[in-house]
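This report is meant for someone looking at the structure for the opening time.

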Amino acid sequence: MGSRGDLHTHSTFSDGILTPTELIELAYQRGVRIMALTDHDTTEGLPEAFAVAEHYPDFTLIPGIEMSTDVPGSEVHILGHFIDWGDDQFELQLVRLRESRLGRARRMADKLEQLGKPVSWERVESLAGEGAVGRPHIARALVEAGHVSSVNEAFDLYLSRTGPAYVERERLTPAQVIETLTAVHGLPTLAHPRDLEGLEGLLEELTTAGLIGMEVYYQDYTPDVVERLKGLADRFDLLPLGGSDYHGFGGHQQRQPGDIPLPDEPVERLLALARERGALETV
Ligand SMILES: [Zn+2]
Ligand SMILES: [Zn+2]
């Protein structure tokens, strides 16, 4: 039995392989009843997702987003749940972020060409589909071009932070992202925190900035890790949330929608908090 809630998923509007329709159908079949679509830096999958969700009266779709942020030496992702996704200012900001993402992906493709491992830019764009072009699309183009045998190998050899084709991206700081999300009534949650350095210091800073939750239940997190993160969440008065971060890539780390030990109780508390802040009428 999977969890009823899954607060972190991706569709073809960012780097997932399923359309919002296919994703919701899969999640529903697997018993998920409260799901957030949290594509990277875009809300463009939400109209399709809401149109599908309407067909399932016992299914709650949470409008969400995952935003990338920068702290020295590592990458911090913040999820925003219950965002006011029709807000014009917010949309403009997202367009600017996506443009910088595109420029960065092009520079990575240039570097690969210089390394003698060219990929077709048209192919990278078509792999990205409607979504924002990212490293996973370049990785898949590298596999297709026969330069590497898997997406993991593409990251290991070329695209990881220390890889020869990696290009840094302009990002907002985590506190700026929290501010941006809060301005559109989003409830900000720290995503996949297990490997973040200086997590306690970061939590102190981000809780002050308005963080309300942290992913505690996630993909291959072991019971030990869950225990440690749950302790931190309690200490900082954060909701212990979680999700599969489903992309559909497969691989040993990835989980199916709802295939995480997320209990109902923190999900219900998230819904209650959204109601309290007047966000639920956007659903
Ligand atoms: Zn992430
Ligand atoms: Zn994600």
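Is His40 buried or exposed? In this predicted model, His40 has a relative accessible area of 7%. A residue counts as buried under 20%, so His40 is buried. His40 lies in the loop that runs between strand S2 (34-37) and helix H2 (46-53). Leaving aside residues up to four places away in sequence, His40 touches His10, Ser14, Asp15, Glu66, His77, Arg101 and His247.

**The protein as a whole**

The protein has 10 helices and seven strands. Its radius of gyration is 18 Å, close to the 19 Å that the globule rule gives for 283 residues, so the protein is as compact as a globular protein of that length. Taken along the principal axes, the box filled by the C-alpha atoms is roughly 55 × 45 × 40 Å. Of the 283 residues, 54% count as buried. Among contacts with a separation of 6 or more, 72% come from residues 24 or more positions apart.

One pair of residues gives a sense of distance within the chain. Thr60 and Gly250 are 190 residues apart in sequence, and their C-alpha atoms are 26 Å apart in space. Thr60 belongs to strand S3 (residues 60-71). With a relative accessible area of 26%, Thr60 is partly exposed.

How many of the 10 residues of H5 are buried? Seven are, and H5 is mostly covered. The buried residues are Arg135, Pro136, His137, Ile138, Ala139, Ala141 and Leu142. They pack against strand S4 (74-81), helix H3 (88-114), H4 and helix H6 (151-159). Just after H5, Gly146 takes a positive phi of about 80°.

Two packed helices are described by the angle between their axes and the distance between the axes.

The axes of helix H4 (residues 121-128) and helix H5 (residues 135-144) cross at roughly 125° and come within 9 Å. H4 and H5 are therefore oblique to each other. Their crossing is right-handed. On the H4 side, the contact is made by Arg123, Val124, Leu127 and Ala128, and on the H5 side by His137, Ile138, Arg140, Ala141 and Glu144. Sorted by class, this contact has five nonpolar, one polar and three charged residues.

H5 and H6 pack with their axes 9 Å apart, at an angle of about 105°. That makes H5 roughly perpendicular to H6. From H5, the residues Arg135, Pro136, Ile138, Ala139, Arg140, Leu142 and Val143 take part, and they meet Val151, Ala154, Phe155, Tyr158 and Leu159 of H6. By class, the contact of H5 with H6 has 10 nonpolar, no polar and two charged residues.

**Helices H8 and H9**

Another pair is formed by helix H8 (residues 199-209) and helix H9 (residues 223-235), which pack at an angle of about 30° with their axes 11 Å apart. H8 passes H9 in a right-handed crossing. Which residues bring H8 and H9 together? Leu199, Glu200 and Leu203 in H8 meet Arg228, Leu229, Leu232 and Arg235 in H9. By class, the contact has four nonpolar, no polar and three charged residues.

| Helix pair | Angle | Axis distance |
|---|---|---|
| H4 and H5 | roughly 125° | within 9 Å |
| H5 and H6 | about 105° | 9 Å |
| H8 and H9 | about 30° | 11 Å |

**Positive phi in two loops**

His185 has a positive phi of about 60° although it is not a glycine. His185 is placed in the loop between helix H7 (174-183) and strand S5 (187-190). Is His185 buried or partly exposed? At 46% relative accessibility, His185 counts as partly exposed.

Asp245 is not a glycine either, and its phi is positive at about 55°. The loop that holds Asp245 runs between strand S7 (239-243) and helix H10 (264-276). Asp245 has a relative accessible area of 6% and is buried.

Technical notes:
Residues are numbered from 1 along each chain as its sequence is written. Chains are lettered from A and ligands numbered from 1 in the order in which they are written. This is a predicted model: local features need pLDDT of at least 70, side-chain atom pairs count only at pLDDT 80 or more; totals for chains, interfaces and linings use all residues. Side-chain values use heavy atoms; hydrogens and water are left out. Axes are lines fitted to C-alpha atoms, for helices over the stretch in contact, and angles run from 0 to 180 degrees between N-to-C directions. Helices (H or I, at least four residues) and strands (E, at least two) are DSSP runs, numbered from the N terminus. Angles under 35 degrees count as roughly parallel, over 145 as roughly antiparallel, 65 to 115 as roughly perpendicular and the rest as oblique. A crossing is left-handed if the near helix is turned anticlockwise from the far one by less than a right angle, and right-handed if clockwise. Contact means heavy atoms within 4.5 Å. Ala, Val, Leu, Ile, Met, Phe, Trp, Tyr, Cys and Pro count as nonpolar, Asp, Glu, Lys and Arg as charged, and the others, Gly among them, as polar. Buried means under 20% relative accessible area, exposed over 50%, partly exposed in between (1.4 Å probe, protein chains only). The radius of gyration is taken over C-alpha atoms; the globule rule is 2.2 Å times the number of residues to the power 0.38.
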